[in-house]
Amino acid sequence: MNPHEALIFGPTHLRGATVSSWDLRAGVAMIIAGLIATGDTYITNVEYIERGYEDIIGKIGKLGAKIEHVEQF
């Protein structure tokens, strides 16, 4: 394993948490994980995600997800 891989034995239920995005792909993976998780997920360093995907919040929201951009929580 390297720092860019995770080995998960499941079924593990995801719980919302505060996480930090360090690059574009990791940030989108955190969005997907947050949508699957129970509870609220807060993602910091969203500049990477917003720079790589135009209106990602609007697009995911149109799919029925409850997602919003907040300045501070």
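The lining of the largest pocket comprises 13 nonpolar, 7 polar and 6 charged residues (nonpolar: Ala, Val, Leu, Ile, Met, Phe, Trp, Tyr, Cys and Pro; charged: Asp, Glu, Lys and Arg; polar: the others, Gly among them). The model is predicted, with local features needing pLDDT of at least 70 and side-chain atom pairs counting only at pLDDT 80 or more, while totals for chains, interfaces and linings use all residues. Residues are numbered from 1 along each chain as its sequence is written, and side-chain values use heavy atoms, with hydrogens and water left out.

A pocket here is an open set of points on a 1 Å grid over the protein atoms alone, where a 1.4 Å probe fits, with protein on both sides within 12 Å along at least five of seven lines; lining residues have an atom within 4 Å of a point. The largest pocket holds about 790 Å³ of space, a volume being the space filled by probe spheres set on the points. Of its 26 lining residues, T41, Y42, I43, I67 and E68 lie nearest the centre. Two or more lining residues come from each of helix 1 (24–36), strand 2 (42–44), helix 2 (47–52) and helix 3 (56–62), and helix 1 gives the most, with 4. Helices (H or I, at least four residues) and strands (E, at least two) are DSSP runs, numbered from the N terminus.

The second largest pocket has a volume of about 320 Å³. Its lining includes P3, H4, D23 and R25, and divides into 5 nonpolar, 1 polar and 3 charged residues.

V28, I31, V46, I49, I56 and I60 form the largest nonpolar core, a set of buried residues (under 20% relative accessible area, 1.4 Å probe, protein chains only) of the kinds Ala, Val, Leu, Ile, Met, Phe, Trp, Tyr and Cys, joined through side-chain atoms within 4.5 Å. Helix 1 and helix 3 are the elements that give two or more residues to this core.

How values were computed
Buried < 20%, exposed > 50% of the residue type's maximum accessible area, 1.4 Å probe, protein only.
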